[in-house]
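Here is a short briefing on one protein chain, with a closer look at a single residue and its surroundings. Take a moment with the sequence and the model first.

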Amino acid sequence: MDNLIKILQSRNIHPSYQRLKILEILEKNKDHMNVNMIFEELLKEIPTISKTTVYSTLSTFAAKGLVHCLTITPEEMKYDYRAKPHHHFLCTRCGAIIDIDVQCPYADTMEIDGHSIEDIQGYFKGTCRECLTHNKTQTLK
Ligand SMILES: [Zn+2]
Ligand SMILES: [Zn+2]
């Protein structure tokens, strides 16, 4: 918990119990979770929490740059907790969202033509490796 308190304080976020719990879930899962997934995890520990609280906490986190909002799936916002900027690949068959490391010069300098970059997100869409392999074995049979 101490570590989580430090993370929040370093971003000037007051470390309330609820915020710490939400951060703990994000850190444990390190995945791309939507509000419902986070809310349901949270209910196990704080049965009185409301979804509004989860929403407002996440937007505070996003505003302070602690989480990134992913809009690769326009029908639902996903939250990403990983400090380093990275791109995302969406499988249009199974819906998997896969992290792709950024290998562009701007990611190192966070600057482009004199403009300061705060966030870098590239979206790629296609068929993931698992779906491709699965498809191949099916055609062989
Ligand atoms: Zn897939
Ligand atoms: Zn990601």
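This is a predicted model: local features need pLDDT of at least 70, side-chain atom pairs count only at pLDDT 80 or more; totals for chains, interfaces and linings use all residues.

**The chain as a whole**
- The protein chain contains six helices and eight strands.
- Read from the N terminus, its elements follow the order α-α-β-α-α-β-β-β-β-α-β-β-β-α.
- Along the principal axes, the C-alpha atoms occupy a box of roughly 55 × 45 × 25 Å.
- Of the chain's 141 residues, 14% count as buried.
- Among contacts with a separation of 6 or more, 45% come from residues 24 or more positions apart.

**Around α1**
- None of the nine residues of α1 is buried, so this helix lies largely in the open.
- N12 follows α1 and has a positive phi, near 60°.

**R11 up close**
- R11 counts as partly exposed because it has 13 C-beta neighbours inside 10 Å, while the exposed class stops at 12 or fewer and the buried class starts at 20 or more.
- Beyond its neighbours within four places in sequence, R11 makes contact with K64, G65 and L66.
- F61 sits 50 residues away from R11 along the chain, and the C-alpha atoms of the two are 8.7 Å apart.

How values were computed. Residues are numbered from 1 along each chain as its sequence is written. Chains are lettered from A and ligands numbered from 1 in the order in which they are written. Two residues are in contact if their C-beta atoms, placed from the backbone, lie within 7 Å. Helices (H or I, at least four residues) and strands (E, at least two) are DSSP runs, numbered from the N terminus.
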